[in-house]
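Here are my notes on this structure. Please read them with the structure open.

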Amino acid sequence: MNKFSGLLIPVISIFLGVFIGAIIMLITGYNPIAAYTALLNGIFSDTYYIGETIRSMTPLILAGLAVAFAYRTGLLNIGVEGQLIVGWLASVWVGIIFVGLPTIIHLPLAIIAGAIAGGIWGFLPGLLKARFEVHEVIVTIMMNYIALYTANAIIRSYLLVPGERTENIQASASLESPMLQALTDHSRLHWGFIVAILACLIMWFILWKTKKGYELRAVGFNQHASQYAGMNVKGNIVLSMVISGGFAGVAGAMEGLGTYGYMSIMSGFTGVGFDGIAVALLGANTGIGVFLSSFLFGGLQVGSLRMQQQAGVPSELVDIVIALIIFFVASSYIIRWAMNRIKDRKKGGN
């Protein structure tokens, strides 16, 4: 049972979230069968919705990787939202100002700019954690707001065009794909999903196939033992937050270079960074887990619109289902206890 508990707990959590969500729908006067049928139709019934689901997955994967990477190294990065915003702004800025560059140079440059901006935004919480033991959760939460209002101020002062947004990026920096859009009935699907898949492989390679990854994980397990073994604990804490912020910055680049092609003045957070916490939690902080859980969350986001149109169920009920899934994942101790009790009863019966 222990061998498969890591897989069973998310599956059971999803089932319980969907089941209790159905009970809530019944209590509030909605038909859960019609609602979930509409939800699935909103994900799989048409190539357009499939394309939109994959498009929605792309930034969620990267945001989830940002949270998962930090967690694997003993840190809680709650600032993915802010790192995503500065990465979005930096990538769009590079996409606008460089004119005449070939795509093979301009597009990677814009993505790298997003990663660097996110990494810089993760550097300060990492430095404060390493040097002064300031808890990274507090700093990253505050830096979310700094990122939001700083990005808005920069757009208003230097990049504003009619429509309360920046100019469109140059075509040479765009991730848009007419071919993918045609295949998915003119959805907003773009090449960013390839970047997200590569990011999953990069996280796995760094953490499990490199010496530095071993050090980062060791510091996360036990800082004192790592220091005794001669590892640079403070340096690894900073590096972990920088890499985590880099993943988040690329998530912003996917929105700026792929989905929208510009950046608007924001009245509030995008929510993608915070959803990344849930994605990482459900995905057990692994690359493949983050990929699969982002498909669930992306599908719920896209399918909820169809659920509202066809079954008349408020899209907020999908948020309740998501919250229930997260609750049961976070309460994994209860699920493990129940699984162990069932196992013990089977042994007793034998």
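The points below cover the basis of the model, its salt bridges and a nonpolar surface patch.

1. Basis. This is a predicted model, in which local features need pLDDT of at least 70, side-chain atom pairs count only at pLDDT 80 or more, and totals for chains, interfaces and linings use all residues. Residues are numbered from 1 along each chain as its sequence is written, and side-chain values use heavy atoms, with hydrogens and water left out.

2. Salt bridges overall. The whole structure holds four salt bridges. The criterion is a side-chain nitrogen of Lys or Arg within 4 Å of a carboxyl oxygen of Asp or Glu.

3. Glu-52 and Arg-55. These two form a salt bridge, with the closest N and O atoms 3.0 Å apart. Both sit in helix H3 (residues 47–72), three residues apart, so about one helical turn separates them. Helices here are DSSP runs (H or I, at least four residues), numbered from the N terminus. Glu-52 counts as buried because its relative accessibility is 5%. Arg-55 is buried too, at 10%. Buried means under 20% relative accessible area, exposed over 50%, and partly exposed in between (1.4 Å probe, protein chains only).

4. Glu-136 and Lys-129. Here the closest N and O atoms of the salt bridge are 3.2 Å apart. Glu-136 is buried, with a relative accessible area of 3%.

5. Glu-215 and Lys-212. This salt bridge has its closest N and O atoms 3.2 Å apart. Lys-212 is partly exposed, at 37% relative accessible area. Glu-215 is buried, at 14%.

6. Network. Shared partners link salt bridges into one network of Glu-52, Arg-55 and Arg-188.

7. Nonpolar patch. Which residues make the nonpolar surface patch of about 740 Å²? They are Met-179, Leu-183, Trp-191, Ile-194, Ile-197, Leu-198, Leu-201 and Ile-202. Patch residues have over 30% relative accessible area and no salt bridge; nonpolar side chains (Val, Leu, Ile, Met, Phe, Trp, Tyr) are joined within 5 Å, like charges within 9 Å. Accessible areas come from the Shrake-Rupley method with a 1.4 Å probe, and for residues only the protein chains shown count as cover.

8. Where the patch comes from. Helix H7 (178–183) and helix H8 (192–209) each supply at least two of its residues. H8 gives the most, with five. Ile-197 lies in helix H8. Ile-197 counts as partly exposed because its relative accessibility is 33%.
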